[in-house]
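Student: I have a new structure to learn. Can we go through it in questions and answers?

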Amino acid sequence: MKLIFLGTGGGRFSAINQRRMTGGFRIDNLGGRNYHIDPGPGALVRTYQFGLDPRNIDGIFVSHAHTDHYNDAEILIEAMTRGMTQKNGHIMGSKSVLSGFEKWGPCISSYHKSKSEILELEAGDIRYFNNCLVRATPTKHGDPMGVGFQIEYKDFKISYTSDTSYFPELAKSHEGADVFIASVLRPGGKSIKGHLCSSSFINLIEEIQPKLAIMTHLGLKMISNNPIGEAKRITKLTGIKTLAAFDGMSLDINYNNPSKARIISLKDVDAPYHGSNINLSNFERKNSRKLAAKNGEDDELSQIRKYVH
Ligand SMILES: [Zn+2]
């Protein structure tokens, strides 16, 4: 099984400025099928950029009705169904994404839902698809219907928090995860509403005890504070192998030994500033705070002001 990150930037401002990509991630070859999770802006383009084919996906999962998670869902559905000419695949997502809820969504039109199996999920739901089982996990976030998931294939479990703040029952819903993927917006102990920070991520890792933890959906402050160093610190603290995802990171995961996942940096042909190369961290360190302050990127501005004034 492979996990492939086509975007590791989190929040509106990361999406708007594309300082990191926002294409979500793929779970490839899970029981012989491929899935695209939270295809935000650029997911289609990033798929090609990293040498993958959007036409070979068997399912799309959209966790909630925020643009950085759903933006490219419809075009990927078109890829999956050969331009809406064939019945194919599963579309999984929250009620807000698929049917609409109050001011949220729907994010996928009836037309785009017409050629695939639809799994509308609310927290606590357990459903089967292909050769897997999915449990929808709860979130506390802007979209009240947002869900994360735990996908189980044979005895192997991949958990994804999606966007959420920390609450005690969250760990319970991700119990037993072999690989635990979390949206961690900020480093240190202070998060903004509806999101995790390093400290709450550490709590979750300690409670869940996965074999491998991965943080993605990184906000500007995390990006400019050496996320790889932060992941090393978390590994040391928890004793659980923790990685900070980067754009184009592909992990070859052995079901029996996920902590020994082989990390591959996929060749990024179009964008030298994105990817795992040394330019990335130099570029981010130099420019992130300055540019964020200049552009009035409010998610991070309260923190950034301290550095600027
Ligand atoms: Zn969100």
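Student: What length does helix α10 reach from its first C-alpha to its last?

Tutor: This is a predicted model, in which local features need pLDDT of at least 70, side-chain atom pairs count only at pLDDT 80 or more, and totals for chains, interfaces and linings use all residues. Residues are numbered from 1 along each chain as its sequence is written. Helices (DSSP runs of H or I, at least four residues) and strands (runs of E, at least two) are numbered from the N terminus. Helix α10 covers residues 227-238, twelve residues. The expected span is 1.5 Å times one less than the number of residues. For α10 the expected value is 16 Å, and the helix comes close to it, reaching 16 Å.

Student: Which residues of α10 are buried?

Tutor: A residue is buried if 20 or more other C-beta atoms, placed from the backbone, lie within 10 Å of its own; it is exposed with 12 or fewer and partly exposed in between. By that rule, the buried residues of α10 are Pro-227, Glu-230, Ala-231 and Ile-234.

Student: Why do they line one face of the helix?

Tutor: Look down the axis of α10 and take the directions from the axis to the C-beta atoms. The buried residues line one face because those directions fall within an arc of 100°.

Student: Which exposed residues sit on the face of α10 turned away from the buried side?

Tutor: After α10 comes Gly-239, with a positive phi near 75°. The exposed residues on the face turned away are within the helix itself: Gly-229 and Lys-236.

Student: What do the buried residues of α10 pack against?

Tutor: Contact here means C-beta atoms, placed from the backbone, within 7 Å. The partners of the buried residues are α8 (198-208), β13 (212-216), α9 (220-223) and β14 (242-244).

Student: How many helices and strands are in the chain?

Tutor: The chain has 309 residues, and 54% of them are buried. Its elements are twelve helices and 16 strands.

Student: What is the order of strands in the open sheet of eight?

Tutor: Two strands pair if DSSP finds at least two bridges between them. The edge strands, β6 (117-121) and β16 (262-265), each pair on one side only. The pairing in the sheet is mixed, and the order is β6-β5-β4-β3-β2-β1-β15-β16.

Student: Which residue of β4 stands opposite Ile-37?

Tutor: β3 and β4 pair in the parallel sense, over three bridges. Both faces of β4 are covered: Gly-59 and Phe-61 are buried on one side, Ile-60 and Val-62 on the other. In a regular strand the side chains alternate between the two faces of the sheet. The residue of β4 opposite Ile-37 is Phe-61.

Student: In β16, what is the bridge partner of Asp-252?

Tutor: Strand β1 (residues 2-7) pairs with strand β15 (residues 249-252) in the antiparallel sense over three bridges. There, Leu-3 has Leu-251 as its bridge partner. β15 and β16 also pair in the antiparallel sense, over four bridges. The partner of Asp-252 in β16 is Arg-262.

Student: Is Ile-181 buried or exposed?

Tutor: Ile-181 lies in strand β11. Beyond its neighbours within four places in sequence, Ile-181 is in contact with Ser-159, Tyr-160, Ile-214 and Thr-216. It has 28 other C-beta atoms within 10 Å, so Ile-181 is buried.

Student: How far apart in space are Leu-266 and Gly-51?

Tutor: Leu-266 is in the loop between β16 and α11 (278-294). Leu-266 has 19 other C-beta atoms within 10 Å, so it is partly exposed. Leaving aside neighbours within four places in sequence, its contacts are Phe-50, Gly-51, Gly-248 and Ser-250. Leu-266 and Gly-51 are 215 residues apart in sequence, but their C-alpha to C-alpha distance is 8.0 Å.

Key:
Two residues are in contact if their C-beta atoms, placed from the backbone, lie within 7 Å.
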